[in-house]
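The sequence and structure are shown first, and the description follows.

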Amino acid sequence: MMDLLIPDKTHDESRQGEALMLEQTPDKYNGRKLYIESYGCAMNFSDSEIVASILLERGFETTKDFNNADVIFINTCSIRENAEQRVRNRLREFTIAKVKNPGMIVGVLGCMAERLKAKFLEEEKLVDVVVGPDAYRDLPNLIDKVDDGQKAVNVLLSREETYADINPVRLNSNGINAFVSIMRGCDNMCSFCVVPFTRGRERSRDPFSIVKECTDLFNQGYREVTLLGQNVDSYKWKPEPTESEEISLSEIKGANFANLLEMVAQISPELRIRFSTSHPKDITDEVLYTMAKHDNICKYIHLPVQSGNSRVLDIMNRTYDREWYMNRVEAIRRIIPGCAISTDVIAGFCTETEEEHQDTLSMMDFVQYDYAYMFMYSERPGTLAAKRFTDDIPDAVKNRRLKEIVVKQQQHSHLRLQEKVGKVQRVLIEGFSKKSNLDYCGRADNNAMVVFPVSEDYKPGQYVNVLVDRCTTATLLGTVV
Ligand code: SAH
Ligand code: SF4
Ligand code: F3S
(Lines give C-alpha, C1' and ligand atoms only; values in the text may rest on other atoms or scores of the structure.)
(Ligands and ions follow the chains in the order given, each with its own letter.)
Protein backbone atom coordinates (compact mmCIF):
# COMPACT_ATOMS: atom_id res chain seq x y z
CA MET A 1 0.00 0.00 0.00
CA MET A 2 1.13 3.50 -0.65
CA ASP A 3 -0.02 6.19 1.76
CA LEU A 4 -3.46 6.26 3.21
CA LEU A 5 -5.62 8.61 1.22
CA ILE A 6 -7.07 11.47 3.17
CA PRO A 7 -8.39 14.64 1.56
CA ASP A 8 -6.47 17.74 2.55
CA LYS A 9 -9.69 19.64 2.39
CA THR A 10 -13.23 18.47 1.90
CA HIS A 11 -15.57 20.36 -0.36
CA ASP A 12 -14.42 23.17 -2.55
CA GLU A 13 -17.23 25.51 -1.52
CA SER A 14 -16.91 27.55 -4.66
CA ARG A 15 -17.44 24.65 -6.99
CA GLN A 16 -19.89 25.35 -9.75
CA GLY A 17 -23.11 23.43 -9.65
CA GLU A 18 -22.82 22.88 -5.93
CA ALA A 19 -26.17 24.46 -5.08
CA LEU A 20 -27.84 22.36 -7.71
CA MET A 21 -26.18 19.20 -6.42
CA LEU A 22 -27.21 19.93 -2.84
CA GLU A 23 -30.81 20.40 -3.89
CA GLN A 24 -30.75 16.98 -5.46
CA THR A 25 -28.85 15.42 -2.58
CA PRO A 26 -30.95 13.32 -0.29
CA ASP A 27 -30.25 14.13 3.36
CA LYS A 28 -29.43 10.53 4.05
CA TYR A 29 -25.90 10.98 2.69
CA ASN A 30 -25.11 14.12 4.65
CA GLY A 31 -22.40 13.56 7.18
CA ARG A 32 -21.92 9.89 6.32
CA LYS A 33 -18.27 9.05 6.65
CA LEU A 34 -16.20 7.60 3.83
CA TYR A 35 -12.83 5.92 4.27
CA ILE A 36 -10.94 5.04 1.10
CA GLU A 37 -7.64 3.23 0.73
CA SER A 38 -5.80 2.62 -2.54
CA TYR A 39 -3.41 -0.02 -3.84
CA GLY A 40 -1.60 -0.45 -7.14
CA CYS A 41 -0.60 2.13 -9.72
CA ALA A 42 -1.02 5.91 -9.82
CA MET A 43 -4.12 5.41 -11.98
CA ASN A 44 -5.85 3.77 -9.04
CA PHE A 45 -4.85 6.57 -6.68
CA SER A 46 -6.18 9.05 -9.19
CA ASP A 47 -9.43 7.07 -9.50
CA SER A 48 -9.91 7.20 -5.73
CA GLU A 49 -9.94 10.99 -6.05
CA ILE A 50 -12.76 10.68 -8.59
CA VAL A 51 -14.65 8.31 -6.27
CA ALA A 52 -14.24 10.74 -3.36
CA SER A 53 -15.41 13.59 -5.55
CA ILE A 54 -18.57 11.71 -6.59
CA LEU A 55 -19.46 10.93 -2.97
CA LEU A 56 -18.49 14.29 -1.40
CA GLU A 57 -20.74 15.98 -3.96
CA ARG A 58 -23.55 13.93 -2.44
CA GLY A 59 -22.85 15.02 1.12
CA PHE A 60 -20.37 12.41 2.32
CA GLU A 61 -17.41 13.44 4.50
CA THR A 62 -14.11 11.63 4.68
CA THR A 63 -12.49 10.09 7.73
CA LYS A 64 -8.93 9.00 8.48
CA ASP A 65 -10.05 6.21 10.79
CA PHE A 66 -11.75 3.24 9.17
CA ASN A 67 -13.23 2.16 12.51
CA ASN A 68 -15.30 5.37 12.42
CA ALA A 69 -16.41 5.01 8.83
CA ASP A 70 -19.91 4.35 7.51
CA VAL A 71 -18.47 3.27 4.17
CA ILE A 72 -15.06 1.67 3.67
CA PHE A 73 -13.78 1.38 0.11
CA ILE A 74 -10.65 -0.46 -0.86
CA ASN A 75 -9.43 0.37 -4.38
CA THR A 76 -7.62 -2.76 -5.47
CA CYS A 77 -4.85 -3.99 -7.77
CA SER A 78 -4.57 -7.35 -9.58
CA ILE A 79 -1.24 -6.91 -11.29
CA ARG A 80 0.56 -9.70 -9.39
CA GLU A 81 -0.69 -12.43 -7.08
CA ASN A 82 0.95 -10.83 -4.04
CA ALA A 83 -0.85 -7.53 -4.80
CA GLU A 84 -4.16 -9.37 -4.49
CA GLN A 85 -2.99 -11.15 -1.35
CA ARG A 86 -2.22 -7.83 0.33
CA VAL A 87 -5.67 -6.55 -0.48
CA ARG A 88 -7.29 -9.67 0.97
CA ASN A 89 -5.27 -9.33 4.18
CA ARG A 90 -6.33 -5.73 4.57
CA LEU A 91 -9.93 -6.62 3.78
CA ARG A 92 -9.88 -9.00 6.77
CA GLU A 93 -9.19 -6.01 9.02
CA PHE A 94 -12.08 -4.08 7.50
CA THR A 95 -14.51 -6.95 7.84
CA ILE A 96 -13.53 -7.34 11.52
CA ALA A 97 -14.49 -3.66 11.96
CA LYS A 98 -17.77 -4.42 10.20
CA VAL A 99 -18.58 -7.28 12.58
CA LYS A 100 -18.32 -4.76 15.44
CA ASN A 101 -20.41 -2.25 13.53
CA PRO A 102 -22.92 -4.10 11.34
CA GLY A 103 -24.25 -0.92 9.68
CA MET A 104 -20.91 -0.35 8.02
CA ILE A 105 -20.64 -0.84 4.24
CA VAL A 106 -17.49 -2.47 2.90
CA GLY A 107 -16.87 -2.09 -0.82
CA VAL A 108 -14.23 -3.36 -3.21
CA LEU A 109 -13.32 -1.08 -6.12
CA GLY A 110 -10.83 -1.22 -8.96
CA CYS A 111 -9.02 -3.99 -10.76
CA MET A 112 -9.68 -6.92 -8.41
CA ALA A 113 -13.37 -6.03 -8.42
CA GLU A 114 -13.31 -6.09 -12.21
CA ARG A 115 -11.33 -9.34 -12.40
CA LEU A 116 -13.41 -11.31 -9.89
CA LYS A 117 -16.78 -9.60 -10.38
CA ALA A 118 -19.67 -11.11 -8.39
CA LYS A 119 -17.40 -14.03 -7.43
CA PHE A 120 -15.89 -11.63 -4.90
CA LEU A 121 -19.12 -11.67 -2.92
CA GLU A 122 -18.97 -15.47 -2.66
CA GLU A 123 -15.32 -15.45 -1.65
CA GLU A 124 -15.57 -12.57 0.83
CA LYS A 125 -18.99 -12.86 2.41
CA LEU A 126 -18.78 -9.60 4.36
CA VAL A 127 -18.21 -7.44 1.30
CA ASP A 128 -21.34 -5.49 0.27
CA VAL A 129 -20.36 -3.72 -2.95
CA VAL A 130 -18.16 -4.64 -5.91
CA VAL A 131 -17.48 -1.85 -8.42
CA GLY A 132 -15.24 -1.86 -11.48
CA PRO A 133 -13.14 1.12 -12.64
CA ASP A 134 -15.66 2.39 -15.20
CA ALA A 135 -18.72 2.28 -12.92
CA TYR A 136 -17.92 4.88 -10.25
CA ARG A 137 -20.71 7.23 -11.30
CA ASP A 138 -23.10 4.50 -10.19
CA LEU A 139 -21.75 4.47 -6.60
CA PRO A 140 -24.58 6.49 -4.95
CA ASN A 141 -27.10 4.17 -6.54
CA LEU A 142 -25.16 1.08 -5.45
CA ILE A 143 -24.92 2.42 -1.88
CA ASP A 144 -28.72 2.90 -1.92
CA LYS A 145 -29.09 -0.74 -2.89
CA VAL A 146 -26.97 -1.85 0.05
CA ASP A 147 -28.98 0.45 2.34
CA ASP A 148 -32.02 -1.49 1.14
CA GLY A 149 -30.42 -4.73 2.30
CA GLN A 150 -29.09 -5.99 -1.03
CA LYS A 151 -25.59 -6.70 -2.28
CA ALA A 152 -24.56 -4.47 -5.18
CA VAL A 153 -22.31 -5.13 -8.16
CA ASN A 154 -21.45 -3.00 -11.20
CA VAL A 155 -18.46 -4.10 -13.21
CA LEU A 156 -19.52 -2.88 -16.63
CA LEU A 157 -16.59 -1.62 -18.67
CA SER A 158 -17.12 1.33 -20.96
CA ARG A 159 -15.67 2.45 -24.28
CA GLU A 160 -16.32 6.10 -23.51
CA GLU A 161 -16.05 6.81 -19.79
CA THR A 162 -13.14 9.14 -18.97
CA TYR A 163 -14.69 11.00 -16.00
CA ALA A 164 -13.59 14.13 -17.90
CA ASP A 165 -16.18 16.38 -16.23
CA ILE A 166 -15.44 15.24 -12.67
CA ASN A 167 -13.25 17.56 -10.66
CA PRO A 168 -11.21 15.15 -8.49
CA VAL A 169 -10.98 15.85 -4.76
CA ARG A 170 -7.23 15.87 -4.07
CA LEU A 171 -6.63 13.18 -1.50
CA ASN A 172 -3.61 13.13 0.80
CA SER A 173 -2.29 16.07 -1.15
CA ASN A 174 0.68 18.30 -0.39
CA GLY A 175 -0.95 20.98 -2.57
CA ILE A 176 2.04 20.88 -4.93
CA ASN A 177 1.97 17.67 -7.01
CA ALA A 178 -1.16 16.17 -8.56
CA PHE A 179 -2.03 13.26 -10.83
CA VAL A 180 -4.15 13.97 -13.88
CA SER A 181 -5.61 11.04 -15.85
CA ILE A 182 -5.43 11.62 -19.59
CA MET A 183 -6.71 8.26 -20.77
CA ARG A 184 -8.10 4.98 -19.48
CA GLY A 185 -7.74 1.30 -20.35
CA CYS A 186 -5.19 -0.37 -22.58
CA ASP A 187 -5.40 -1.84 -26.08
CA ASN A 188 -2.09 -3.66 -25.90
CA MET A 189 -2.12 -7.29 -25.09
CA CYS A 190 1.15 -7.89 -23.31
CA SER A 191 0.80 -11.59 -22.62
CA PHE A 192 1.67 -11.36 -18.90
CA CYS A 193 -0.66 -8.47 -18.13
CA VAL A 194 -4.10 -8.37 -16.56
CA VAL A 195 -4.71 -4.64 -17.14
CA PRO A 196 -6.56 -4.92 -20.49
CA PHE A 197 -9.02 -7.25 -18.74
CA THR A 198 -9.48 -5.10 -15.64
CA ARG A 199 -9.51 -1.69 -17.29
CA GLY A 200 -11.01 -2.35 -20.68
CA ARG A 201 -10.42 -0.64 -23.99
CA GLU A 202 -8.19 2.37 -24.36
CA ARG A 203 -9.87 5.77 -24.61
CA SER A 204 -8.44 9.28 -24.46
CA ARG A 205 -9.84 12.16 -22.51
CA ASP A 206 -10.76 15.46 -24.14
CA PRO A 207 -7.55 17.58 -24.13
CA PHE A 208 -9.43 20.76 -23.23
CA SER A 209 -10.74 19.18 -20.03
CA ILE A 210 -7.17 18.11 -19.23
CA VAL A 211 -5.80 21.61 -19.81
CA LYS A 212 -8.61 23.06 -17.71
CA GLU A 213 -7.91 20.68 -14.83
CA CYS A 214 -4.17 21.48 -14.96
CA THR A 215 -4.86 25.23 -15.15
CA ASP A 216 -7.19 25.03 -12.15
CA LEU A 217 -4.51 23.12 -10.24
CA PHE A 218 -1.92 25.76 -11.12
CA ASN A 219 -4.26 28.55 -9.98
CA GLN A 220 -4.75 26.70 -6.68
CA GLY A 221 -0.97 26.70 -6.14
CA TYR A 222 -0.02 23.28 -7.53
CA ARG A 223 3.30 23.33 -9.34
CA GLU A 224 3.62 19.83 -10.81
CA VAL A 225 1.19 17.62 -12.71
CA THR A 226 1.80 14.02 -13.70
CA LEU A 227 -0.23 13.01 -16.75
CA LEU A 228 -1.33 9.40 -16.38
CA GLY A 229 -2.13 6.60 -18.77
CA GLN A 230 -1.08 2.96 -19.25
CA ASN A 231 0.45 3.97 -22.56
CA VAL A 232 0.53 7.76 -22.84
CA ASP A 233 2.20 7.64 -26.25
CA SER A 234 -0.94 6.24 -27.82
CA TYR A 235 -3.02 9.17 -26.51
CA LYS A 236 -5.24 10.14 -29.42
CA TRP A 237 -8.24 12.39 -29.27
CA LYS A 238 -10.60 13.32 -32.04
CA PRO A 239 -13.45 15.78 -31.64
CA GLU A 240 -16.98 14.45 -31.86
CA PRO A 241 -18.42 15.34 -35.25
CA THR A 242 -20.49 18.48 -34.73
CA GLU A 243 -23.48 19.75 -36.67
CA SER A 244 -21.44 22.57 -38.08
CA GLU A 245 -18.91 20.92 -40.35
CA GLU A 246 -16.99 24.21 -40.68
CA ILE A 247 -16.23 24.60 -36.98
CA SER A 248 -15.22 21.01 -36.46
CA LEU A 249 -12.80 21.01 -39.36
CA SER A 250 -11.23 24.41 -38.99
CA GLU A 251 -10.88 24.82 -35.23
CA ILE A 252 -10.17 21.49 -33.57
CA LYS A 253 -8.36 18.82 -35.49
CA GLY A 254 -7.62 16.34 -32.73
CA ALA A 255 -4.52 15.76 -30.66
CA ASN A 256 -1.78 13.20 -30.15
CA PHE A 257 0.39 12.98 -27.03
CA ALA A 258 2.98 15.47 -28.29
CA ASN A 259 0.19 17.98 -28.98
CA LEU A 260 -1.26 17.44 -25.52
CA LEU A 261 2.16 17.91 -23.87
CA GLU A 262 2.58 21.14 -25.80
CA MET A 263 -0.84 22.40 -24.66
CA VAL A 264 -0.18 21.60 -21.00
CA ALA A 265 3.36 23.02 -21.15
CA GLN A 266 1.96 26.37 -22.26
CA ILE A 267 -0.19 26.82 -19.13
CA SER A 268 2.76 28.35 -17.27
CA PRO A 269 6.54 28.00 -17.28
CA GLU A 270 6.19 27.56 -13.50
CA LEU A 271 4.08 24.41 -13.88
CA ARG A 272 6.16 21.27 -14.20
CA ILE A 273 4.89 18.38 -16.27
CA ARG A 274 5.66 14.70 -15.80
CA PHE A 275 3.96 11.73 -17.41
CA SER A 276 3.77 7.97 -17.12
CA THR A 277 3.88 5.39 -18.69
CA SER A 278 5.67 5.56 -22.03
CA HIS A 279 5.61 2.49 -24.26
CA PRO A 280 8.80 1.74 -26.20
CA LYS A 281 6.84 0.77 -29.30
CA ASP A 282 4.92 4.06 -29.39
CA ILE A 283 7.20 6.81 -28.06
CA THR A 284 7.85 9.12 -31.01
CA ASP A 285 10.62 11.57 -31.82
CA GLU A 286 7.87 14.21 -31.92
CA VAL A 287 7.27 13.62 -28.19
CA LEU A 288 11.02 13.80 -27.51
CA TYR A 289 11.38 17.07 -29.46
CA THR A 290 8.41 18.53 -27.56
CA MET A 291 10.11 17.58 -24.28
CA ALA A 292 13.37 19.15 -25.44
CA LYS A 293 11.58 22.35 -26.47
CA HIS A 294 9.88 23.06 -23.13
CA ASP A 295 11.94 23.63 -19.97
CA ASN A 296 8.93 22.80 -17.80
CA ILE A 297 8.49 19.27 -19.22
CA CYS A 298 10.66 17.20 -16.89
CA LYS A 299 13.52 15.39 -18.51
CA TYR A 300 12.58 12.00 -17.20
CA ILE A 301 11.03 9.05 -19.05
CA HIS A 302 9.69 5.83 -17.56
CA LEU A 303 10.24 3.34 -20.39
CA PRO A 304 9.52 -0.21 -19.21
CA VAL A 305 11.74 -2.73 -21.01
CA GLN A 306 10.39 -5.90 -19.27
CA SER A 307 13.15 -8.04 -20.84
CA GLY A 308 16.36 -7.41 -22.78
CA ASN A 309 15.89 -10.45 -25.01
CA SER A 310 14.04 -10.34 -28.33
CA ARG A 311 12.55 -13.84 -28.12
CA VAL A 312 11.19 -13.18 -24.63
CA LEU A 313 9.85 -9.77 -25.73
CA ASP A 314 8.14 -11.54 -28.62
CA ILE A 315 6.33 -14.07 -26.44
CA MET A 316 5.51 -11.25 -24.01
CA ASN A 317 3.80 -9.67 -27.02
CA ARG A 318 5.53 -6.36 -26.36
CA THR A 319 5.77 -5.80 -30.15
CA TYR A 320 9.32 -4.42 -30.05
CA ASP A 321 12.66 -6.18 -29.91
CA ARG A 322 15.97 -5.51 -28.22
CA GLU A 323 17.29 -3.40 -31.12
CA TRP A 324 14.16 -1.29 -31.32
CA TYR A 325 14.35 -0.55 -27.60
CA MET A 326 18.03 0.39 -27.84
CA ASN A 327 17.25 2.63 -30.78
CA ARG A 328 14.58 4.45 -28.71
CA VAL A 329 17.08 4.93 -25.87
CA GLU A 330 19.60 6.33 -28.35
CA ALA A 331 16.94 8.72 -29.68
CA ILE A 332 16.28 9.94 -26.13
CA ARG A 333 20.00 10.44 -25.51
CA ARG A 334 20.39 12.30 -28.82
CA ILE A 335 17.33 14.54 -28.61
CA ILE A 336 17.29 15.14 -24.83
CA PRO A 337 20.89 14.82 -23.58
CA GLY A 338 20.98 13.98 -19.87
CA CYS A 339 17.37 12.76 -19.78
CA ALA A 340 16.79 10.33 -16.91
CA ILE A 341 15.31 6.94 -17.82
CA SER A 342 13.67 4.40 -15.54
CA THR A 343 12.19 1.01 -16.31
CA ASP A 344 10.18 -2.04 -15.25
CA VAL A 345 11.75 -5.50 -15.46
CA ILE A 346 10.18 -8.94 -15.12
CA ALA A 347 12.44 -11.81 -14.00
CA GLY A 348 11.69 -15.41 -14.92
CA PHE A 349 8.98 -15.07 -17.55
CA CYS A 350 7.82 -18.42 -19.01
CA THR A 351 10.64 -20.35 -20.76
CA GLU A 352 13.26 -17.62 -20.09
CA THR A 353 16.73 -19.21 -20.33
CA GLU A 354 19.84 -18.23 -18.43
CA GLU A 355 21.28 -16.56 -21.58
CA GLU A 356 18.07 -14.61 -22.10
CA HIS A 357 18.23 -13.41 -18.50
CA GLN A 358 21.81 -12.29 -19.21
CA ASP A 359 20.41 -10.19 -22.08
CA THR A 360 18.27 -8.33 -19.55
CA LEU A 361 21.36 -7.64 -17.45
CA SER A 362 23.32 -6.45 -20.49
CA MET A 363 20.43 -4.18 -21.51
CA MET A 364 20.63 -2.66 -18.04
CA ASP A 365 24.35 -2.08 -18.59
CA PHE A 366 23.57 -0.44 -21.92
CA VAL A 367 21.01 2.01 -20.53
CA GLN A 368 22.26 2.40 -16.96
CA TYR A 369 18.79 3.22 -15.71
CA ASP A 370 18.34 5.90 -13.08
CA TYR A 371 15.71 3.81 -11.40
CA ALA A 372 13.85 0.51 -11.89
CA TYR A 373 10.82 -1.38 -10.62
CA MET A 374 11.72 -5.06 -10.67
CA PHE A 375 9.37 -8.03 -10.35
CA MET A 376 9.29 -11.82 -10.45
CA TYR A 377 6.87 -13.06 -13.07
CA SER A 378 3.49 -13.84 -11.52
CA GLU A 379 1.00 -15.74 -13.65
CA ARG A 380 -2.38 -14.01 -13.89
CA PRO A 381 -5.47 -16.08 -14.68
CA GLY A 382 -7.02 -15.33 -18.06
CA THR A 383 -3.99 -13.63 -19.60
CA LEU A 384 -2.49 -14.80 -22.91
CA ALA A 385 0.59 -16.13 -21.12
CA ALA A 386 -1.52 -18.15 -18.70
CA LYS A 387 -3.34 -19.70 -21.66
CA ARG A 388 -0.36 -20.29 -23.93
CA PHE A 389 2.68 -20.99 -21.77
CA THR A 390 3.63 -22.88 -18.65
CA ASP A 391 4.91 -20.82 -15.73
CA ASP A 392 7.94 -23.10 -15.76
CA ILE A 393 10.74 -21.15 -14.08
CA PRO A 394 11.07 -22.40 -10.48
CA ASP A 395 10.59 -19.74 -7.79
CA ALA A 396 14.15 -20.19 -6.57
CA VAL A 397 15.47 -19.39 -10.06
CA LYS A 398 13.14 -16.41 -10.51
CA ASN A 399 14.27 -15.18 -7.14
CA ARG A 400 17.95 -15.49 -7.93
CA ARG A 401 17.53 -13.75 -11.30
CA LEU A 402 15.56 -10.97 -9.65
CA LYS A 403 18.32 -10.52 -7.07
CA GLU A 404 20.92 -10.19 -9.83
CA ILE A 405 18.77 -7.57 -11.50
CA VAL A 406 18.27 -5.69 -8.21
CA VAL A 407 21.99 -5.69 -7.39
CA LYS A 408 22.83 -4.33 -10.82
CA GLN A 409 20.17 -1.65 -10.55
CA GLN A 410 21.46 -0.53 -7.16
CA GLN A 411 24.87 0.02 -8.75
CA HIS A 412 23.38 2.00 -11.63
CA SER A 413 21.08 4.09 -9.42
CA HIS A 414 24.05 5.01 -7.26
CA LEU A 415 26.17 5.81 -10.28
CA ARG A 416 23.45 8.07 -11.70
CA LEU A 417 23.20 9.93 -8.39
CA GLN A 418 26.97 10.28 -8.10
CA GLU A 419 27.07 11.91 -11.55
CA LYS A 420 24.98 14.72 -10.09
CA VAL A 421 27.28 15.46 -7.16
CA GLY A 422 29.04 18.81 -7.64
CA LYS A 423 26.26 20.06 -9.95
CA VAL A 424 23.33 22.41 -9.41
CA GLN A 425 19.81 20.93 -9.60
CA ARG A 426 16.59 22.94 -9.93
CA VAL A 427 14.33 21.56 -7.21
CA LEU A 428 10.62 22.02 -6.57
CA ILE A 429 10.29 22.01 -2.77
CA GLU A 430 7.64 19.48 -1.70
CA GLY A 431 7.89 19.74 2.10
CA PHE A 432 9.97 18.61 5.05
CA SER A 433 12.24 15.64 4.47
CA LYS A 434 11.05 12.30 5.82
CA LYS A 435 13.77 12.24 8.42
CA SER A 436 13.88 15.77 9.80
CA ASN A 437 11.94 19.03 9.98
CA LEU A 438 15.26 20.83 9.71
CA ASP A 439 15.49 19.72 6.06
CA TYR A 440 13.31 20.24 3.01
CA CYS A 441 12.99 17.71 0.23
CA GLY A 442 11.89 17.98 -3.37
CA ARG A 443 12.59 16.45 -6.73
CA ALA A 444 14.96 17.64 -9.38
CA ASP A 445 13.78 17.82 -12.97
CA ASN A 446 15.29 14.34 -13.52
CA ASN A 447 13.14 12.96 -10.67
CA ALA A 448 16.04 12.52 -8.21
CA MET A 449 15.05 13.30 -4.59
CA VAL A 450 17.09 16.18 -3.16
CA VAL A 451 17.38 17.06 0.55
CA PHE A 452 18.73 20.40 1.85
CA PRO A 453 18.48 22.57 4.99
CA VAL A 454 15.29 24.55 5.68
CA SER A 455 15.53 28.33 5.46
CA GLU A 456 13.02 31.14 5.94
CA ASP A 457 13.80 32.43 2.46
CA TYR A 458 11.85 29.72 0.66
CA LYS A 459 8.92 27.42 1.23
CA PRO A 460 7.18 24.37 -0.30
CA GLY A 461 5.87 25.04 -3.79
CA GLN A 462 8.87 27.22 -4.70
CA TYR A 463 11.76 26.34 -6.98
CA VAL A 464 15.31 26.57 -5.66
CA ASN A 465 18.71 25.80 -7.11
CA VAL A 466 20.55 23.29 -4.97
CA LEU A 467 24.27 22.59 -5.23
CA VAL A 468 24.60 18.87 -4.56
CA ASP A 469 27.62 17.99 -2.42
CA ARG A 470 27.02 14.29 -1.71
CA CYS A 471 24.56 11.45 -2.11
CA THR A 472 23.21 8.46 -0.21
CA THR A 473 21.95 5.33 -2.05
CA ALA A 474 18.67 7.05 -2.97
CA THR A 475 18.98 10.78 -2.28
CA LEU A 476 21.03 13.81 -3.26
CA LEU A 477 22.12 16.13 -0.43
CA GLY A 478 23.15 19.76 -0.82
CA THR A 479 22.55 23.42 -0.08
CA VAL A 480 20.59 26.17 -1.84
CA VAL A 481 22.75 28.50 -3.93
N1 SAH B 1 1.43 0.09 -18.79
C2 SAH B 1 2.70 -0.12 -18.28
C3 SAH B 1 2.77 -1.11 -17.14
C4 SAH B 1 1.66 -1.29 -16.19
S5 SAH B 1 1.86 -2.59 -15.04
C6 SAH B 1 3.59 -0.63 -19.41
O7 SAH B 1 3.13 -1.02 -20.44
O8 SAH B 1 4.77 -0.71 -19.21
C9 SAH B 1 3.38 -2.16 -14.25
C10 SAH B 1 4.43 -3.21 -14.37
O11 SAH B 1 4.06 -4.38 -13.67
C12 SAH B 1 4.71 -3.71 -15.76
O13 SAH B 1 5.52 -2.84 -16.47
C14 SAH B 1 5.39 -5.03 -15.52
O15 SAH B 1 6.78 -4.88 -15.36
C16 SAH B 1 4.79 -5.48 -14.20
N17 SAH B 1 3.88 -6.60 -14.40
C18 SAH B 1 2.73 -6.60 -15.09
N19 SAH B 1 2.19 -7.84 -15.08
C20 SAH B 1 3.04 -8.64 -14.38
C21 SAH B 1 3.04 -10.01 -14.02
N22 SAH B 1 2.06 -10.81 -14.42
N23 SAH B 1 4.06 -10.48 -13.29
C24 SAH B 1 5.05 -9.65 -12.90
N25 SAH B 1 5.11 -8.36 -13.19
C26 SAH B 1 4.11 -7.84 -13.94
FE1 SF4 C 1 -0.25 -4.13 -19.48
FE2 SF4 C 1 1.12 -3.98 -21.71
FE3 SF4 C 1 -1.04 -2.46 -21.39
FE4 SF4 C 1 1.16 -1.95 -20.00
S5 SF4 C 1 0.95 -1.82 -22.23
S6 SF4 C 1 -0.91 -2.03 -19.22
S7 SF4 C 1 1.99 -3.97 -19.63
S8 SF4 C 1 -0.99 -4.69 -21.54
FE1 F3S D 1 -2.93 -2.68 -10.61
FE2 F3S D 1 -5.02 -2.11 -12.02
FE3 F3S D 1 -3.03 -0.39 -11.86
S4 F3S D 1 -4.05 -4.07 -11.91
S5 F3S D 1 -1.26 -1.70 -11.61
S6 F3S D 1 -4.29 -1.04 -10.20
S7 F3S D 1 -4.33 -0.73 -13.62
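## Ligand surroundings

In this predicted model, a backbone N or O atom of Q230 lies 2.8 Å from a nitrogen atom of ligand 1. Two further polar approaches to ligand 1 involve a backbone N or O atom of F192, at 3.0 Å from a nitrogen atom of the ligand, and a polar side-chain atom of Q306, at 2.7 Å from an oxygen atom of the ligand. On its own, ligand 1 has 540 Å² of accessible area, of which the protein covers 90%.

| Residue | Atom of the residue | Atom of ligand 1 | Separation |
|---|---|---|---|
| F192 | backbone N or O | nitrogen | 3.0 Å |
| Q230 | backbone N or O | nitrogen | 2.8 Å |
| Q306 | polar side-chain atom | oxygen | 2.7 Å |

Ligand 1 has 15 residues around it, and those that come nearest are F192, Q230, Q306, D344 and S378. By class, this shell comprises seven nonpolar, four polar and four charged residues. Two strands, β15 (340-347) and β16 (371-376), each contribute at least two residues to the shell around ligand 1.

The shell of ligand 2 consists of C186, N188, C190, F192, C193, V195, P196, Q230, H279 and R318. Six of these residues are nonpolar, three are polar and one is charged. F192 and Q230 belong to the surroundings of ligand 2 and are also among the residues that come nearest to ligand 1.

Are C186 and C193 buried or exposed? C186 has a relative accessibility of 11% and therefore counts as buried, the cut-off being under 20% relative accessible area. C193, with a relative accessible area of 14%, is likewise buried.

Beyond residues up to four places away in sequence, C186 touches V195, P196, G200, R201, E202 and Q230. C193, when its neighbours within four places in sequence are left aside, is in contact with I79 and T383.

How values were computed: Residues are numbered from 1 along each chain as its sequence is written. Chains are lettered from A and ligands numbered from 1 in the order in which they are written. This is a predicted model: local features need pLDDT of at least 70, side-chain atom pairs count only at pLDDT 80 or more; totals for chains, interfaces and linings use all residues. Side-chain values use heavy atoms; hydrogens and water are left out. A residue is near a molecule or strand if one of its heavy atoms lies within 4 Å of it. Ala, Val, Leu, Ile, Met, Phe, Trp, Tyr, Cys and Pro count as nonpolar, Asp, Glu, Lys and Arg as charged, and the others, Gly among them, as polar. A polar contact is a pair of N or O atoms within 3.5 Å; within protein, one must be able to donate a hydrogen and the other to accept it, and residues adjacent in sequence count only if both atoms are side-chain atoms. Accessible areas come from the Shrake-Rupley method with a 1.4 Å probe; for residues, only the protein chains shown count as cover. Helices (H or I, at least four residues) and strands (E, at least two) are DSSP runs, numbered from the N terminus. Buried means under 20% relative accessible area, exposed over 50%, partly exposed in between (1.4 Å probe, protein chains only). Contact means heavy atoms within 4.5 Å.
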